[in-house]
Amino acid sequence: MSRPRLIVCTTCRAGLPLAEGETPQGAVLHAALSGLLAATSAPPVDLHAASCMANCEQGCSAAIAMPGKWTYVLGRLSPDLAEDLLRYAGVYAASATGTVMPSRRPASLARAVVARVPHLEYAA
Ligand code: FES
């Protein structure tokens, strides 16, 4: 895998009630990311979707992962942050461990990290 995998929860309602037939904000975020990625010749991530990542209270939610790097769970996202998410993914990919300090993230994502998970080969 040469690019990070960005997994977006498409069932997130972002704390909002969902009217009949209304598209969840997570699905809108996924669609926004998909549109941006389709418009570039060098996508910075492989985009995937998931249903409920157990972070509903802080949704929209996403996770970014890459072999040998920390997996980061992100929350408090919204569809208008799609471009910032892709910028963050580029910095994540370039980092040695996946750690991207808040000062190196787009300002809109400075407080987006909810948790991080060690990669499978991680040994402390
Ligand atoms: S619905 Fe998105 S984390 Fe639960």
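Trainee: Where does Cys-60 lie?

Mentor: Two bits of housekeeping come with that. This is a predicted model, where local features need pLDDT of at least 70, side-chain atom pairs count only at pLDDT 80 or more, and totals for chains, interfaces and linings use all residues. Residues are numbered from 1 along each chain as its sequence is written. Helices (H or I, at least four residues) and strands (E, at least two) are DSSP runs, numbered from the N terminus, and in those terms Cys-60 sits in the loop between β2 and β3.

Trainee: What kind of peptide bond runs from Gly-59 to Cys-60?

Mentor: Look at omega for that bond, which is near 10°. The bond from Gly-59 to Cys-60 is cis.

Trainee: Is Ala-54 buried or exposed?

Mentor: Ala-54 is in the loop between β2 and β3, and its phi is near 60°, a positive value in a residue other than glycine. A residue is buried if 20 or more other C-beta atoms lie within 10 Å of its own, exposed if 12 or fewer, and partly exposed in between, with C-beta atoms placed from the backbone. Ala-54 has 9 other C-beta atoms within 10 Å, so it is exposed.

Trainee: And what about Cys-52: which class does its count of 13 put it in?

Mentor: Cys-52 is found in the loop between β2 and β3, and it has a positive phi of about 45° although it is not a glycine. With 13 other C-beta atoms within 10 Å, Cys-52 is partly exposed.

Trainee: What is the strand order in the open sheet?

Mentor: Two strands pair if DSSP finds at least two bridges between them. The open sheet has 5 strands with mixed pairing. Its edge strands, each pairing on one side only, are β2 (46–50) and β5 (113–117). The order is β2-β1-β3-β4-β5.

Trainee: Which residue of β2 is the bridge partner of Cys-9?

Mentor: β1 and β2 pair in the parallel sense over 5 bridges. In β2, the partner of Cys-9 is Ala-50.

Trainee: Why do the buried residues of α2 line one face of the helix?

Mentor: The buried ones are Ala-82, Leu-85, Leu-86, Tyr-88, Ala-89 and Tyr-92. An α-helix has 3.6 residues a turn, so residues three or four places apart point the same way. Seen down the axis of α2, the buried residues line one face because they fall within an arc (of the directions from the helix axis to the C-beta atoms) of 160°.

Trainee: Is Pro-4 buried or exposed?

Mentor: Pro-4 lies in the segment before β1. Leaving aside neighbours within four places in sequence, its contacts (C-beta atoms, placed from the backbone, within 7 Å) include Ile-64, Ala-89 and Tyr-92. There are 24 other C-beta atoms within 10 Å, so Pro-4 is buried.

Definitions and conventions. Two residues are in contact if their C-beta atoms, placed from the backbone, lie within 7 Å.
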